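Here is a report on a model to read alongside its sequence. Keep the 3D view open as you go.

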Amino acid sequence: MISTSDFIFLLRGVPATLSISFIAFIIGFAIGIPLTMVRLYTPRIYASMANAYVKVFLGVPVLVIMLFFYFGLGKYLPPFRSPYMSAIAALGFRSGAYQSQIFKSAMNSVPRDQILAARSLGLTKTQIIRYIILPQAFIVALPGLGSEIALLIKDSAYSFILGVLDITMHADILRRAHKLFLAPYLAGALLYIMMTFPIANYLDRLGSRLKDRYGLR
Amino acid sequence: MSGEIILEGKGLWKRYGSLDVLKGVDISVRKGETKVIIGPSGSGKSTLLRILGLLEPPTKGEIYFRGENVYAGNLNLNRIRAKIGFVFQEPSLFRHLTALGNVKLGLKHVLKMKDEEAEKKAMEMLRLVHLEEWADHYPAQLSGGQQQRVGIARALAMDPDIILFDEPTASLDIELTWEVIEVMEELARKGITMLVVTHEIPFAKEVADEICFMEEGLIKECAPPEIMLRNPKTPRARSFLKRLLGAYGGI
Ligand SMILES: Nc1ncnc2c1ncn2[C@@H]1O[C@H](COP(=O)(O)OP(=O)(O)OP(=O)(O)O)[C@@H](O)[C@H]1O
Ligand SMILES: [Mg+2]
């Protein structure tokens, strides 16, 4: 297919792809959890503002968000003059919306009787969220979080348009250098699968195993 | 019964959308009393219990806990909820915690006991429901009857002034029903104040001080078991009991 040295060249894109995806995931987590709390447990004005955030970031292509950060905000905010930072921010903010969807449905999956039981013990609302809802919701959310990480790894490829030296960019450089179309992209695709599949699969299995152990739905 | 009134509902109404589920229920339970509520499905028994347990507010009416109007002024509802135990129809154990963890939770986070003290108390409660050997099991590893008994231990651990039971055996088969009923009878004999929705007539006959018949959002009649089971006043209670007792081959 392609030579070993070309493949090693492709690997140089891995750090960018992985770091963008994982930092975006962490930002998404840091946004997603509080966003979900606001959507579920605060007065309607705040909840609907949080819902609007989710609708916007779910409804707009992530490439458009990326271009917006880089070309739009980049003009006024220096950090976004970096393609790398713009890519992370766009993916991270969108991931916040996706992760909020995942956590919301996971938190809603905790049966009402358990919440009533917790209330009957005299636990406060905050304690119920902390000790009853979140621990179970995290388990239920695991498979969804696995898919979300995989999605981030794949969608980080858009950052190539801004000029980030990720896997896709390296594949494209090979294409231009060798006038080969299929092989560099296939090798790149293989790399993506080698990253996305194990993570998504692991969290999916872990989630199922824990759900079975605790009898969660 | 002539003890202090522990829990009292006055003129309780509950409306869901356009449906009136409770239409002015008056009920009171005295210290040491075991009161049983029976009635057809949909008559509002669970709703009444949830409201008396302060798990949701009534649309109208008042609730008094040991003489205090709980929704007047700004009392700390959680403090009162902790004094009213609740056992649900469906097992409602926290699935991510062991039997012991379920019983400990309220002790640690509501009563603020130290871990050691909470553990000791929780084990004691599990012993009361004959489950000390199952302390480290998760709900998914327990039978329905065992889960309900852990639920009872969890309520009991808080040293409540009253425990409300909402058909705790309705989802269990006969054998499991028995082990739960037995525990409840032991509690009643110990003088624990209980308000129990159940159709286990042998239980009611054995330990109830009074049986109340509920229908269409109202308590139609309350009487001691020997009267209610033999000769209820209202025709509806009579026909309901006839069917119910028929299921037990007459008593
Ligand atoms: N949260 C709710 N929202 C809307 N309707 C409700 C709600 N809870 C109960 N109801 C309705 O109120 C009526 C009484 O319900 P409830 O569960 O109190 O009856 P029940 O006497 O406990 O019946 P069962 O013997 O079947 O348990 C039913 O028609 C039910 O559909
Ligand atoms: Mg009911």
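How many salt bridges does the count come to over all chains? The count comes to 18. The model is a predicted one.

## A pair within one helix

Side chains of opposite charge can pair when their charged atoms come close. Start in chain A. Arg175(A) and Asp172(A) form a salt bridge, with 2.9 Å from N to O. Both residues sit in helix α8 of chain A, which covers residues 167-178. They are three residues apart, about one turn of the helix.

Are the two partners buried or exposed? Asp172(A) has a relative accessible area of 6%, which is under 20%, so Asp172(A) is buried. Arg175(A) reaches 21%, so Arg175(A) counts as partly exposed.

## Pairs between helices

Now move to chain B. Lys104(B) and Glu119(B) make a salt bridge, and their closest N and O atoms are 3.0 Å apart. Lys104(B) belongs to helix α3 (residues 99-109) of chain B, and Glu119(B) to helix α4 (residues 115-128) of chain B, so the pair ties together parts that are 15 residues apart in sequence. Lys104(B) is buried, at 13% relative accessibility. Glu119(B) is partly exposed, at 32%.

A further bridge joins the side chains of Glu179(B) and Arg149(B), at 2.8 Å from N to O. This pair links distant parts of the chain. Glu179(B) is in helix α6 (residues 174-189) of chain B, while Arg149(B) is in helix α5 (residues 144-157) of chain B. The two are 30 residues apart. Arg149(B) is buried, with a relative accessible area of 7%. Glu179(B) is partly exposed, with 23%.

## A network of charges

Some salt bridges share partners. Which residues do they join into one network? The members are Lys104(B), Lys108(B), Asp115(B) and Glu119(B).

Look at Lys108(B) in this group. Lys108(B) lies in helix α3 of chain B. Its relative accessible area is 30%, so Lys108(B) is partly exposed. Lys108(B) and Glu119(B) are 11 residues apart in sequence. In space, their C-alpha atoms are 9.1 Å apart.

## Around ligand 1

Next comes the ligand. Which residues come nearest to ligand 1? Of the 14 residues around ligand 1, they are Ser41(B), Gly42(B), Lys45(B), Ser46(B) and Thr47(B). An oxygen atom of ligand 1 is 2.5 Å from an N or O atom in the side chain of Ser41(B). A polar side-chain atom of Thr47(B) is also 2.5 Å from an oxygen atom of ligand 1. Arg50(B) faces a nitrogen atom of ligand 1 instead, with a side-chain N or O atom 3.4 Å away. Taken alone, ligand 1 exposes 630 Å², and the protein buries 62% of that.

Two elements of chain B give two or more residues to the shell: β2 (19-30) and α1 (45-52). α1(B) gives the most, with four residues. By class, the shell has seven polar, four nonpolar and three charged residues.

## A nonpolar patch on chain A

Return to chain A and its surface. Ile45(A), Tyr46(A) and Met49(A) form a nonpolar patch there. Together they have about 350 Å² of accessible area.

Ile45(A) lies in helix α3 of chain A, residues 44-59. Its relative accessible area is 57%, which is over 50%, so Ile45(A) counts as exposed.

## Two residues with positive phi

Finish with two loops in chain B. Leu54(B) is not a glycine, yet it has a positive phi of about 60°. Leu54(B) lies in the loop between α1 and β4 (60-65) of chain B. Is Leu54(B) buried or exposed? Leu54(B) is buried, with a relative accessible area of 0%.

Asp159(B) also has a positive phi, of about 50°, although it is not a glycine. Asp159(B) lies in the loop between α5 and β7 (162-166) of chain B. At 44% relative accessibility, Asp159(B) is partly exposed.

Definitions and conventions. Residues are numbered from 1 along each chain as its sequence is written. Chains are lettered from A and ligands numbered from 1 in the order in which they are written. This is a predicted model: local features need pLDDT of at least 70, side-chain atom pairs count only at pLDDT 80 or more; totals for chains, interfaces and linings use all residues. Side-chain values use heavy atoms; hydrogens and water are left out. A residue is near a molecule or strand if one of its heavy atoms lies within 4 Å of it. A polar contact is a pair of N or O atoms within 3.5 Å; within protein, one must be able to donate a hydrogen and the other to accept it, and residues adjacent in sequence count only if both atoms are side-chain atoms. Accessible areas come from the Shrake-Rupley method with a 1.4 Å probe; for residues, only the protein chains shown count as cover. Ala, Val, Leu, Ile, Met, Phe, Trp, Tyr, Cys and Pro count as nonpolar, Asp, Glu, Lys and Arg as charged, and the others, Gly among them, as polar. Patches are made of residues with over 30% relative accessible area and no salt bridge: like charges are joined within 9 Å, nonpolar side chains (Val, Leu, Ile, Met, Phe, Trp, Tyr) within 5 Å. A salt bridge is a side-chain nitrogen of Lys or Arg within 4 Å of a carboxyl oxygen of Asp or Glu. Buried means under 20% relative accessible area, exposed over 50%, partly exposed in between (1.4 Å probe, protein chains only).
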